[in-house]
Amino acid sequence: MLDYDVVVVGCGPAGSVTARYAAESGAKVLMIDRRPEIGVPVLCGEGVSQRIDSWNMLEGTQWIANKMDGAKIFSPDGTMVTLSKEMAGNETGYVLYRDLFDKELARQAGKAGAEIMLRTEATKLLMDNDEIKGIQARQFNETFDIETDIIVAADGVESKIASWAGMKTVLKPSDLETCAQYTITDVDYKSDYCEFYVGRKYAPGGYIWIFPKEKGTYNVGIGLLASLSSQGEPLKRLDKFIASHPQLKKGCPMRLLAGAVPVAKPIQSYRDNLLLVGDAARHADPITGGGITTSLQGGKIAGEIIGEAVDAQVFDADMLSQYEKQWKQDFGQKLLRNYVVKELMLDMDDKTLNLLADSVKDYKFEEFSTLSLVKALVSKHPTLLMKLTPLLQLSKKMNE
Amino acid sequence: MGKPSARVDESQCLSCGGCVSVCPQEAIVLRNLKAVVNKEKCTACEICIKTCPIGAIHLERM
C-alpha cells in the first residue's frame with residue numbers, strides 16, 4: 001500500500017506551498033489533483049499583491065502578465081478614487097497567468113521532494129472508528145488506498161474532505177461571490193490600472209473588474225453575492241457591461257471562465273490528522289475576494305507545522321492547532337475585519353457609495369490595500385467607525 | 001409528476017464549484033470536473049440555480 005507522511009489534496013497555490021514547506025521540513029509528501037493539468041482551468045481574476053515578491057516562493061517571471069500602475073475605483077455615478085503606485089511606494093500588484101503561476105508553485109513543491117499524481121481524485125477518507133488513517137483515491141480506472149498521518153484539504157471552495165471528516169463547510173449564499181470573466185484581446189485601450197466598478201448598478205454585493213494583462217488584453221469580470229443573484233445573472237450583467245463599453249465591445253473574447261469565491265469568516269482549519277488550507281479554509285479576503293496571498297501565507301505555516309508534527313510523530317488536533325494559531329496571528333484579524341466591513345457595505349445603496357467616493361477622491365493613499373481605503377473612509381466619516389467597532393468586537397467574540 | 005430537482009447542463013458547466021459549496025443538502029459534487037446533482041438528496045431549494053454564474057442549472061421533474 002502507498003504510505004506517506006502527508007497527502008495534499010489539490011495542487012492550487014495553497015496545496016503546493018503546503019507541500020513544498022512540508023517536504024523541505026523532511027516530510028514524505030504526496031500531492032494529488034483531479035485535473036489532468038495543474039492550473040487549468042483557471043478560476044480567477046488573476047490579480048495579486050506584489051507583496052509575494054518578498055516571500056521568494058516563485059522563480060522566473062513567466063507567470064507575470066503585467067505589473068499594475070495602481071487601481072481606479074468607480075462609484076455608480078462615475079466618481080473615481082485612485083490608488084496609484086506613486087502614492088503607494090511603488091508597490092502595487094501583478095496580473096498573473098494563473099495557470100503558469102500554479103505550475104511554478106507546484107514545480108517548487110516537486111523540487112523540494114513532493115510527489116505529484118495528476119488526474120487523481122480523492123474518493124473517501126479511510127477511517128478507523130473516528131480516526132483518519134488515510135485516503136482512498138481513483139486514477140483513471142484504478143482505485144487505491146493511501147496510508148498517511150496527515151491529510152491537507154486544499155480542494156478549493158467546493159472542498160469535500162473537511163465535510164467527510166464531519167466538519168461543517170456549507171457556505172451561506174451571502175458568503176459566496178459568484179463570478180464570471182472574459183479575457184478579451186485586441187482592445188484599443190491603454191491603461192495599466194486595475195479598474196473596479198462598485199455598487200448595485202453594476203454588481204449587487206460585489207464588483208466588476210478590468211485587469212490589464214499583456215498589451216491590448218484585459219480580464220473583464222464580475223462577482224455578485226450569490227444571495228443577491230438570480231439564475232445566470234453574473235454573466236448577463238457582464239455581457240451588458242462589455243456591450244456598453246466603447247473599447248471592450250470591439251475586442252475579441254478569447255476565454256470565458258466561471259468562479260466561486262468564499263467571502264466568509266474563516267472556519268476551524270484543523271482536527272486530528274487533518275488541515276484545511278486556501279479556499280477550503282475560507283482564506284480569501286471578504287472585501288476583494290483575493291485569496292492568493294493568504295493561501296501562500298497559510299500554506300507556508302501549514303507546511304512548517306506539518307514538518308514539526310512529523311519530527312515529533314504527533315498528529316493530533318492539539319499539535320495541528322498551532323497552524324490555526326499562527327494564521328490567525330498573521331492574517332486572521334484582517335479577514336475578520338474585512339468580513340465586518342463587507343457586511344457593513346451591503347447596507348449601502350448607490351447614493352451612499354457615490355458620497356463616500358466623492359469624499360476620498362482626492363485622498364493621498366499611502367498603501368495599495370483595502371486597509372488604506374477603509375482608513376481613509378473612516379477618517380472622513382467617523383460614524384463609520386462607530387458602526388464598525390461594535391460589529392468587530394461582537395465578531396471577535398463569536399470567533400473565539 | 002415526480003418531485004422536482006435541480007439538474008446541471010453538463011455541456012454548460014465551467015466547473016467553478018460554487019453550487020457544490022452552497023448546497024445545504026450537500027447533494028452536489030464535481031465528477032470529472034462537472035457538477036452533478038444527487039436527485040434523491042435534492043430538495044429543490046433552488047439555491048444552486050441562483051448561484052450558478054452562467055445559468056447552467058435548471059429545475060426539472062423526475
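These are my notebook entries on a predicted model with chains A and B.

**Entry 1: confidence**

I began with the scores. The predictor gives the complex an ipTM of 0.96 and a pTM of 0.95. For chain B I noted an average pLDDT of 95. In that chain, 97% of the residues score at least 70.

**Entry 2: the sheet in chain A**

Next I traced a sheet. In which order do the seven strands of chain A lie? I read β6-β5-β13-β14-β15-β12-β16. The sheet is open, and its pairing is mixed. I then looked at the edges. β6 (80–84) and β16 (252–262) of chain A each have a single partner strand, so one side of each is left without a neighbour in the sheet. From one strand to the next, the twist averages 15°.

I reminded myself of the general rule. Strands of a sheet pair through backbone hydrogen bonds, either parallel or antiparallel.

I picked one pair to check. In which sense do β5 and β13 of chain A pair? Strand β5 (residues 70–74) and strand β13 (residues 193–198) of chain A run in the parallel sense, with five bridges. Within this pair I found A:Gly70 opposite A:Tyr193 of β13(A).

**Entry 3: a helix across the sheet**

I looked for what lies on the strands. Helix α4 (residues 233–243) of chain A lies across β12 (176–185), β14 (207–212) and β15 (218–225) of chain A. Against β15(A), I noted an angle of about 140°.

I turned to helix α1 (residues 13–24) and helix α5 (residues 292–312) of chain A. Their axes come within 7 Å and cross at roughly 30°. Angles under 35 degrees count as roughly parallel, so α1(A) is roughly parallel to α5(A). The crossing is right-handed.

Which residues make the contact? From α1(A) I listed several, among them A:Val17, A:Arg20 and A:Tyr21. From α5(A) the list includes A:Ile292, A:Leu296, A:Lys300 and A:Ile306. I sorted the residues of this contact into 10 nonpolar, six polar and three charged.

**Entry 4: where the chains meet**

Last, I went to the contact between the chains. How many residues does each chain give? I noted 22 from chain B and 26 from chain A. On the chain B side, α1 (18–22), β2 (28–31) and α2 (47–51) each supply at least two residues. I sorted the residues of that side too: 14 are nonpolar, six are polar and two are charged.

Definitions and conventions. Residues are numbered from 1 along each chain as its sequence is written. Chains are lettered from A and ligands numbered from 1 in the order in which they are written. This is a predicted model: local features need pLDDT of at least 70, side-chain atom pairs count only at pLDDT 80 or more; totals for chains, interfaces and linings use all residues. Two strands pair if DSSP finds at least two bridges between them. Helices (H or I, at least four residues) and strands (E, at least two) are DSSP runs, numbered from the N terminus. Axes are lines fitted to C-alpha atoms, for helices over the stretch in contact, and angles run from 0 to 180 degrees between N-to-C directions. Two residues are in contact if their C-beta atoms, placed from the backbone, lie within 7 Å. pLDDT is the predictor's confidence in each residue, from 0 to 100. Ala, Val, Leu, Ile, Met, Phe, Trp, Tyr, Cys and Pro count as nonpolar, Asp, Glu, Lys and Arg as charged, and the others, Gly among them, as polar. Angles under 35 degrees count as roughly parallel, over 145 as roughly antiparallel, 65 to 115 as roughly perpendicular and the rest as oblique. A crossing is left-handed if the near helix is turned anticlockwise from the far one by less than a right angle, and right-handed if clockwise.
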